[in-house]
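Good morning, everyone. Please take a moment with the sequence and the model on the screen.

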Amino acid sequence: MADNKIRLQKFLSEVGVASRRKAEEMIRNGSVKVNGATAQIGDSVDPKRDTVTVKGKKVRKESNMRYILLNKPRGYVTTTDDELGRKCVLELVKDVKERVYPVGRLDRISEGALILTNDGAFANAMMHPSRHVPKTYRVTVRPDISAEKVDLLSTGIELDGRLTAPADVYVISREEGRAVLEIVLYEGRNRQIRRMCEAVDLEVARLRRIAIGSVKLGMLQTGDWRDLTAAEVESLFKSAGLKSGGGKK
């Protein structure tokens, strides 16, 4: 008989419960059970035979895939729930009947484009560090920025013992004591732009993500969301080097 088992966190991701990283956290904190027994990291499941529950609710694969673009306001955390009682982005998509979750992160005081989905293959493609899906940010910094600092941010800043990947950095406007930059990142480290700016003595006054791949925030108002078009989903898969549905090109 063929072995149809897959890692539990992979299964939870593929059926749209959460990203693999978040699924691992849920397993560690005892929220996941397999056939009535509390799951452990390293467990595998047969999706056709095993019963998986999360916080007592049976996991079912969604038949309708959703891909949502949210204009995240400041003050919201990009998690499905928060033990500190802070506002979560899922509160902004309560009218979405499918169980979606954030793809990647924007820290609490950052704002702008955030994708939510219940498609695990899509989420993994967007977040995998080898895919290099570009993300574009509008960043206000203090004080004004020099040409030397633009070069440093563009070519790479050492964080955690290794250089950041080359980035595209443009000065959009400047006035006394501040400048507005457009920064395109091709990797996604924790608080990367803020830490890069800190390394060259720049304070980030505002950070807003305005595009993910070719998908632009456009006129979407703060706190509002819309479904991505089929063409936008296809373009994001293409940016990650995959076909729609997760297969390699």
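I will start with the whole chain and then go through some of its parts.

First, the ground rules. This is a predicted model, where local features need pLDDT of at least 70 and side-chain atom pairs count only at pLDDT 80 or more, while totals for chains, interfaces and linings use all residues. Residues are numbered from 1 along each chain as its sequence is written, and side-chain values use heavy atoms, with hydrogens and water left out.

Now the overall picture. The chain has six helices and 17 strands. Here helices (H or I, at least four residues) and strands (E, at least two) are DSSP runs, numbered from the N terminus. The radius of gyration of the chain is 20 Å, close to the 18 Å that the globule rule gives for 249 residues, so the chain is as compact as a globular protein of that length. That radius is taken over C-alpha atoms, and the rule is 2.2 Å times the number of residues to the power 0.38. The C-alpha atoms fill a box of roughly 65 × 35 × 35 Å along the principal axes.

How many of the residues are buried? Of the 249 residues, 47% count as buried. Buried means under 20% relative accessible area, exposed over 50%, and partly exposed in between, with a 1.4 Å probe and protein chains only.

Next, contacts, meaning heavy atoms within 4.5 Å. Take the contacts with a separation of 6 or more: 63% of them are between residues 24 or more positions apart.

And charge? The chain has 46 positive and 34 negative side chains. Lys and Arg count as positive, Asp and Glu as negative; His and the chain ends are not counted. The centres of the two sets lie 5 Å apart, with each charge placed at NZ of Lys, CZ of Arg, CG of Asp or CD of Glu.

On to helix α6, residues 230-239. Which of its residues are buried? They are Glu232, Val233, Ser235, Leu236 and Phe237. Their cover includes β7 (67-72), β9 (111-117) and α3 (120-127). After α6 comes Gly241, with a positive phi near 80°.

Now the strands. Strands of a sheet pair through backbone hydrogen bonds, either parallel or antiparallel. In this account, two strands pair if DSSP finds at least two bridges between them. Strand β2, residues 32-34, joins β3 over two antiparallel bridges. Lys33 stands opposite Thr38 in β3.

Look next at β14, residues 178-185. Seven of its eight residues are buried. β10 (135-142) pairs with β14 in the antiparallel sense over seven bridges. There, Thr136 stands opposite Val184. β13 (168-175) also pairs antiparallel with β14, over seven bridges. Arg174 has Ala179 as its bridge partner in β14. β13 and β14 form a hairpin with two residues between them. Gly177 in that turn has a positive phi of about 85°.

Last stop: Tyr76. Where is Tyr76 placed? Tyr76 sits in the loop between β7 and β8 (101-103). Why does Tyr76 count as buried? Because its relative accessibility is 14%. Not counting residues up to four places away in sequence, Tyr76 touches Lys87, Cys88, Val89, Glu91, Leu92, Asp107 and Arg108. Thr51 is 25 residues from Tyr76 in sequence and 33 Å away in space, C-alpha to C-alpha.
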